[in-house]
Amino acid sequence: MKLFKLLAAAVLGVLPLLATAQAFPSRTVKIVVPYAAGGGVDVMARVLAERLQRKWGQPVIVENKTGASTIIGASAVAKAAPDGHTLLLTSESTITSNPFLFDKLPYDPVRDLLPVTQLVSLPQMVIAHPSVAARNLDELVALAKAKPNELSYASYGSGSLPHLLFEALKARSGVQLTAVPYKGITPAVTAVMTGEVQLTLAGVSSAQAYLRAGKLKALAVARSQRLPDQPQVPTLREAGFADIDPHESWFGLFVTGGTPGDVVQTLYRDVAEVAADPAFRGQHVLARGFDPVFSTPEAFGQFIQADRTRKAHLIRISGAKAE
């Protein structure tokens, strides 16, 4: 009888833990996007939310909390309850650039935001208006030296990848380029296409339609290898600018620090299951020019460490600091 009571007590003690694990998500899940609606991060969040809502049978909403170089949105998730019901879907700026651009952040990207999965990577291209008399970066540098401050580039704020790349290019080669800030990559690309500015760095997904139409041209790609559908465009490494290569941009999913490991694994498993669907992968990843990743939390954490080293190096060369 005594043994029976001990076994019963043990079972009763485990049941609440099992119920907690099985209950996730037990209510509405919120995906915080620190960017404006309509951009690549926002679109990815919304299609993912729709699929996860179907899977979980719980509402999944997207909340755009913009401003302060993604700090407002990231801080909101960092301070949320650590139960997995508040997620952050963001780009690399929040995690691997901001710590080196700002003297003090209201969140610690290592302690306060746990990696769930790297969703996609976005190959970046140096793009120019067709009127720019340069076919590659060497010719661009020569042109900029011949015409100081006559060429301008579009960025989307201090610390954005276009800002880091072109400021590093200025420091590396001694050229003079004028920075023109925009409110996102879409208006930045539009500004180059219309000739308002001459240059920017953009993801393939943002530029590919205009490249095919001849409204933009590519001078280099920030990637370890040339792009299969743009084989004529050399990499920054091939062009002799490996030391200022920002590598790819990326989107990742994070959860509040302190969230139980089983919840993190459930989130990863369910997102990976959504990503395994050929229709989702084809329509919402490959068709948008993204490279699918959907790595494990452990692999994503290792990737972040390496990317922090790369971004710190690039920021050091560029001399960039947040305004």
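Rings of Phe, Tyr and Trp pair if their centres lie within 6.5 Å, with the six-membered ring used for Trp. In this predicted model, W250, F254, F300 and F303 form one aromatic cluster. The structure holds 7 aromatic pairs.

One of these pairs joins F24 and W56. Its geometry is edge-to-face, with 5.9 Å centre to centre and 65 degrees between the planes. F24 lies in the loop between α1 (2-23) and β1, whereas W56 belongs to helix α2, so the pair ties together parts that are 32 residues apart in sequence. The relative accessibility of F24 is 11%, so F24 counts as buried. W56 also counts as buried, because its relative accessibility is 13%. The cut-off for this class is under 20% relative accessible area.

W250 is buried, with a relative accessible area of 0%. F254 is likewise buried, at 0% relative accessibility.

Strand β1 spans residues 29-33. Of its 5 residues, 4 are buried, and the strand is thus mostly covered. Two strands pair with β1. Strand β2 (residues 60-64) runs parallel to β1, and 5 bridges connect the two. Here K30 faces I61 of β2. Strand β3 (residues 86-91) is also parallel to β1, through 3 bridges. In this pairing V32 has L88 of β3 as its bridge partner. Together, β1, helix α2 (residues 40-56) and β2 make a β-α-β unit that is right-handed. Helix α2 also carries W56, the partner of F24 in the edge-to-face pair.

Helix α3 covers residues 71-78. This helix is mostly covered as well, with 6 of its 8 residues buried. The buried residues are I71, G73, A74, S75, V77 and A78. An α-helix has 3.6 residues a turn, so residues three or four places apart point the same way. Several elements cover the buried residues of α3.

Terms used. Residues numbered from 1 in each chain as written. Predicted model: local features only at pLDDT ≥ 70, side-chain atom pairs only at ≥ 80, totals over all residues. Heavy atoms only, no water. Buried < 20%, exposed > 50% of the residue type's maximum accessible area, 1.4 Å probe, protein only. Pairing = 2+ DSSP bridges. Right-handed = clockwise from strand over helix to strand, strands pointing away. Phe/Tyr/Trp six-rings, centres within 6.5 Å; stacked < 30°, edge-to-face > 60°.
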